[in-house]
Amino acid sequence: MNVLRRMLATGEGLAGLAMLSVLVAVALAAPLLAPGDPLAIRGDPLLRPFQEIAHPLGTDRLGRDVLSALIHGARTSLLVAVSAAAAALFIGITVGTIAGFLGGWVDEVLMRVAEAFQTVPAFLLTLALISVTGPRATTIVLGIAIGAWMQPARITRAEILSLRERDFVAAARVVGMRPLEIAFREVLPNALTPVVSLAAVIVAAAVLIEAALSFLGFGDPNRVTWGSMIAEGRTVLRRAPWLSIIPGIGLVLTVLAVHLTGRGIGHALRARRVVA
Amino acid sequence: MFAVQDLSVAYGRVPALSGVSLSLAQGRRLAVLGESGSGKSTLAMALCGLLPAGATVLGGIAFPSLGAPVLGRDIGVVFQDPGGSLNPVLTIGEQIAEVAVVHRGQSWRSARAHAARLLDRMGIPHPAEALRRHPHEFSGGQRQRIALAAALAADPVLLIADEPTSALDTVVQHAIVALLDGLVRERGLTLLFVTHDIALASMLADEVAVRHGGRLLEAGPVQQVFRTPAHAYTRALLATRLDLDTPLAARLPEIGPDFTVRVPNG
Amino acid sequence: MAEALLEVRGLHKRFARAGREVAAVDGVDLAIAAGSTVALAGASGCGKSTLARCVMRLIAPDAGTIRFAGTDLLALGGARLRALRPRFQMVFQDPSTAFNPRATVLRALSDPLRVHGLAPPAQWRARALELLDMVRLPASLIDRRPHELSGGQRQRVAIARALATNPDLVVLDEPVSALDVSVRNAVLNLLMDVQDRTGVAYLLISHDLAVVRAIAGTVAIMEAGRIVEHGSVTEVFAHPGTVTTSRLLAAVPRLPLA
């Protein structure tokens, strides 16, 4: 709880968390705020924003309500991004802990694999996976995670390597704990701080990758996403620029909110380290 | 050399030092004796102007003969952990010579020669070759000597040492004490060092300030304070000191509440 | 004479340092009888800590044998080694790094019980309180974390942890050198009390001969990976047979005023 208080004490943390809370609230309350299928046709096509009270942000080429698409899009974006980041962190932390703690050939193999993954741009990796498996939400999440686990793995490994030589790890061996228990129960919790700070960067990147995938038509066709909205709007960019700009603003605000929150958490955790 | 007037330091709401007054004349050696939590390191940091940004400071420190002293040029500092004050990615030659270049305006060439002489003086073997090596290639005792060489490279008039020997084994401790003693005598250096070891204080200092729990208990010439200690804490430290003359009973004397000394039944 | 509790023979350990092979332990023989205290003394870098860590099976020696309670320690691995661990324990030099910063005193003291199934979870707290009492710490410390304790308190918890499994041998690696002087004697007294009560044997690693003299009966002086002198503390200190011993004795700080 102290971390939260210290985080709110920084301007960045406060602003980021406020913005993020609004976004999460909107995403969670989407069925209440904008009932019905956001993909359903509701009115005349290409209504401008602020023209008609029933469609405050206007309608798209097919007459679908932009506001309700925006709200439901927030749901998809956040859900996919957070799940993908969680999956990436899980894979990365597990691989990094095992590599760092066991060392030797296990470390060599795991780190060479991570390097191999890193030589391919994350986006292409994700794209390749989805083009094989088809655009379903789970494969999108997995695809983004496959392109993003390497950095958490490296950071975790580096932290574990520096902690591994500490006396408390030797003490755990003297007590008689098994290697995996020492790695995951004793060492890993002390290595998480920098990885947690990284989580925000991964979430932000995942938001953008998800949008880019949808923009290219690799998103889940049954869900509205901000990326697919921008792609839709592109064809009428001159006549109806708001169709691309509005979801674009959504993306910018989300990424900004996540970044600011991440920086706030980073500051708070560093402050705690100094105190301890 | 310096005079501390009613100095108080607090970290946030936690007081670390309260109302310390103390002065030291040129060429004298002062030991600040105390344990963890006595505020002895805070006092040393305050004198060097190295207190962390969050610290609240009241009172003053004056250096009458120095005016506004520059850390590194007028004041040299050595810390407990000899690894901590050396930069692991620079060679020790660069680190020692830099002090002389920055503060004494020497050329790199002459600064390196100066550094080699200092290392030789500190008893580091093959000083010319040692200059090209990195801190991790030396033992703890050698690193402490190297840190001492860097602290002395600009010929400071005041040396502040925070537990300079407590991370080292007794043999190396002994050598560093002899080294510091020689430096003070030869160069007329003023020395302030912080220690928890009463024997070290009595061997290396002219004056001693005994601290406990953020307060100064007593201060004065070493002979006087240790021969006729005024405070029970000082007496207890003297009575429980463990050395080769400690009588061998079943149990050792312990310091109890209110600084009473007792020998438990074995 | 009965078989020694610990018997080290011909132990060698080399490290690669700056491209060269350096012998940290270079053919050491050492024996400790049950219930006794043997000190291994020497300046830093003499190999005493390496030897201690070999005995604890924290590092693997290159050659030699270590027999503990009749078992060849070096032949054991994995589960069989872990099963023997309760019988030989260790107290580390710096109690501020010897504990998982996130674990409470309760967890530190109950880990040995949990790992070896020595007591059901319902009894962990009671057993931890007993151990705290044994090292003369108040019960109120049980839910604290290491950074909330003083150095002396932490070292007492470390001793309690080492005693949790009723070991036959405890390796004490510079047990008081990181502590404030005013608590050192109390910790040394505690170690002697525990030995009187439980009959545990100590292997004391120290550079400070005053500490060695206070609690050990036998001393082995090490230099450059070898034991250069060995015998009863009174004998060796009264008549040092090597320069190494004389230098260690001369280096013990003493009050010139006394």
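Modeller: A crossing of two helices is right-handed if the near helix is turned clockwise from the far one by less than a right angle, and left-handed if anticlockwise. Helices are DSSP runs (H or I, at least four residues; strands are E, at least two), numbered from the N terminus. The model is predicted: local features need pLDDT of at least 70, side-chain atom pairs count only at pLDDT 80 or more, and totals for chains, interfaces and linings use all residues. Residues are numbered from 1 along each chain as its sequence is written, with chains lettered from A and ligands numbered from 1 in the order in which they are written.

Biologist: Which way does α4(A) pass α8(A)?

Modeller: The crossing is right-handed. Helix α4 covers residues 66–102 of chain A, and α8 covers 150–164. Their axes (lines fitted to C-alpha atoms over the stretch in contact; angles run from 0 to 180 degrees between N-to-C directions) come within 7 Å and cross at roughly 35°.

Biologist: What makes the contact?

Modeller: Contact means C-beta atoms, placed from the backbone, within 7 Å. α4(A) gives residues including A:Gly92 and A:Gly96, and α8(A) gives A:Ala153 and A:Arg157, among them.

Biologist: How many residues does chain C bring to chain B?

Modeller: Chain C gives 32 residues and chain B 36. Helix α6(C) has the largest share of the chain C side, 9 residues.

Biologist: And how many does chain C bring to chain A?

Modeller: Chain C supplies 20 residues, against 14 from chain A. On the chain C side, α3(C) gives the most, with 3 residues.

Key. Contact = placed C-beta atoms within 7 Å.
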